[in-house]
Each structure stands twice: as C-alpha cells, then as structure tokens.
Amino acid sequence: MEPRNQTSASEFILLGLAEKPDHETLLFALFLCMYVVTAVGNLLIILAISSDSHLHTPMYFFLANLSLVDFCLATNTVPKMLVSIQIKNKSISYPCCLTQMYFFHFFGIMDSVLIAVMAYDRFVAICHPLHYTTIMSPRLCGLLAGGPWTFSCFISLTHILLMARLVFCGSNEIPHYFCDLTPLLRLSCTDTSVNQIFVLIVAAMVIATPFICILASYARIIVAIMKVPSANGRKKAFSTCSSHLSVVALFYGTTIGVYLCPSSVHTAVKEKASAVMYTAVTPMLNPFIYSLRNRELKGALRKLVNRKINSSS
C-alpha cells in the first residue's frame, strides 16, 4: 500500500451560474429581485398567520413553518452568490462550504417532510372532517412540525461528518453557485462509496417516502371528493388542495431529478437549473401560490398591511 501524501483543499471556487462574466450583472439583478420577493412574501405570510387568531389552525401552522423554512433555504444560498458577484470573489473556505451544505440539506429535508405533513393535514380535513380537530390536536401538530427539525438535524450532521473525512487534492472548482453534495463528491480523490450509499438512503427516506405518502393521501382525497354529491362541493374540496399540489409538483419535480435519477444523466447545467428551481424559484412562488387562491390568507395579509399603514400615518 502506497503511503498517502495528500493535502486537502482549504477552499473551493464556486463557478456560479454565468457562463460569461458579462452575464453576471444580469444574474445579480435577477437573483436580488427574486430574493427580496422571497423574503418579503414568506415573512409576510408568517406575520399574517401569527397576527390573525382566525388562522391559528393546523393548516396555517404548517404553512407558517413552510414559509420559515423556504426563507431560510433561500437565505442559505442566494446572498452568498450575490456577494460573490459583487466583490468579484468566488472562493469559499472549506468550513464555510460544509456549513452551507449542512444548512442546505437541513432546510431541504424540512421542506420535503413539511410538504408531506401538509398533505396528511388535507387528507384528515377532507376524509375525516368530523374528527379533524380531535385527530389534529395541538400535541400532534407540535410533533409533526417539531419532529422534522430533529430528524433534519441528524441527517444533515451525518452528511457533514461523512464529507469531513474525504480528501480533496485535485481541482477545487465547483461548477455550481453553492456547496452542494453531488458536485463536491466528484472533486474528492478518496473513496466516496459510503457517501453515495448514504445519499441514496437519505433520498429514499426524505424524498421518495414523503412523495409516496403524498400520492397515497391524494388518492384517498380524490376518492372522498368524488363521493361528494354536489358539483360545488367537489369544486370547493379540490380548491383547498390545488395550491398544495402546485407546490408538490414544483418541489418534487426538481429534487427527484437531482437526487434519484442515475448520475449518468446528470450534467452541470441540469443540476444548476434544478437547484435554482428548488432553492430560489420555489421559495419565491410559494407565498403567491398559497395566498392568491386563499381568501382567509388574503384577508389576513390585507389587515396586516392596513394596520402597518395606519400605525405609520
């Protein structure tokens, strides 16, 4: 066995999204606008739900948690990219890279599990309406919201511990705009088989399993809705699920493509496009998806804005 004389990289270079330097100004303006909309939209939803007692229900409790997670997910990646473009420095230290990766997986897992929890909430509301308040008790809601935080912390920490044992002695250029797991594993000059096996196990647990649970929930929901005698009743029941289904399609459509498809079909461009969807676009669109077709939430947002205007005048 040959003696190992390898020095691990102390920093990485995030190549970003721009193929040419001339495109960076446009990307900066675009992502700055997207981040501002994401932050304002999600924080407004949290404030509206917390300030309106009529929205203190399980559905809006989970929505407030999802908005917080979406805001944190975008904040973990987009500001770093904006700063790098502004100061013309694309480097990131090894500890900062691992930290960013930890929080990316932490909030990404939270997103996935919370979306599944919200599907279960809709299933109980539509299929068991008379027992909804009994089943969705404050204790269960606390467990359904708090459990994913603990689970995400454990999984993300395990990812980082497995990553910290690797050595990076070749190129330190990451063809991405943040420290993601898959591009970083490709740079390692040591065996990454354990990491790759763990990625597949985690993907099955936090992407495939919640997605299957969502499909099962909506299969039961559709059966229950079709039994509703009136057309208006069916339309109303479907409308309560349409926003959530849009979020499911946006989030899982991109994450399944990145983490469950064979690595042979991955390209740097596809990975970056998918990452932009679930780290920037989806968190930005979620407040609009949930508020535009929800009268209660729109009413709460209107009250919140009017209250702020009146207090400032």
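These legends describe close-up views of a predicted model.

**View 1. Nonpolar patch on the surface, formed by five residues that include Leu44.** Leu32, Val36, Val40, Leu44 and Leu47 make up the patch. Together they have about 370 Å² of accessible area. Leu44 is located in helix H1, which spans residues 24-51. Leu44 counts as partly exposed because its relative accessibility is 30%.

**View 2. The second largest cavity, with a volume of about 140 Å³.** The whole structure holds 2 cavities of 30 Å³ or more. The lining of the second largest cavity consists of 14 residues. Leu14, Gly16, Met81, Ile85 and Lys90 are those that lie nearest the centre of this cavity. Two or more lining residues come from each of H1 and helix H2 (58-87). H2 gives the largest share of this lining, 4 residues. By class, the lining of the second largest cavity comprises 8 nonpolar, 3 polar and 3 charged residues.

**View 3. The largest pocket, with about 810 Å³ of space.** This pocket is lined by 23 residues. Closest to the centre of the pocket are Met59, Arg122, Lys236, Thr240 and Asn294.

**View 4. Helices in the lining of the largest pocket.** At least two lining residues are supplied by each of H2, helix H3 (94-127), helix H8 (231-259), helix H9 (268-292) and helix H10 (295-312). H8 provides the largest share of the lining, 6 residues. The lining of the largest pocket divides into 11 nonpolar, 5 polar and 7 charged residues.

Definitions and conventions:
Residues are numbered from 1 along each chain as its sequence is written. This is a predicted model: local features need pLDDT of at least 70, side-chain atom pairs count only at pLDDT 80 or more; totals for chains, interfaces and linings use all residues. Side-chain values use heavy atoms; hydrogens and water are left out. Patches are made of residues with over 30% relative accessible area and no salt bridge: like charges are joined within 9 Å, nonpolar side chains (Val, Leu, Ile, Met, Phe, Trp, Tyr) within 5 Å. Accessible areas come from the Shrake-Rupley method with a 1.4 Å probe; for residues, only the protein chains shown count as cover. A salt bridge is a side-chain nitrogen of Lys or Arg within 4 Å of a carboxyl oxygen of Asp or Glu. Buried means under 20% relative accessible area, exposed over 50%, partly exposed in between (1.4 Å probe, protein chains only). On a 1 Å grid over the protein atoms alone, a cavity is a set of points where a 1.4 Å probe fits but cannot get out, and a pocket is an open set with protein on both sides within 12 Å along at least five of seven lines; lining residues have an atom within 4 Å of a point. Grid points are joined across faces, edges and corners, and a volume is the space filled by probe spheres set on the points. Ala, Val, Leu, Ile, Met, Phe, Trp, Tyr, Cys and Pro count as nonpolar, Asp, Glu, Lys and Arg as charged, and the others, Gly among them, as polar.
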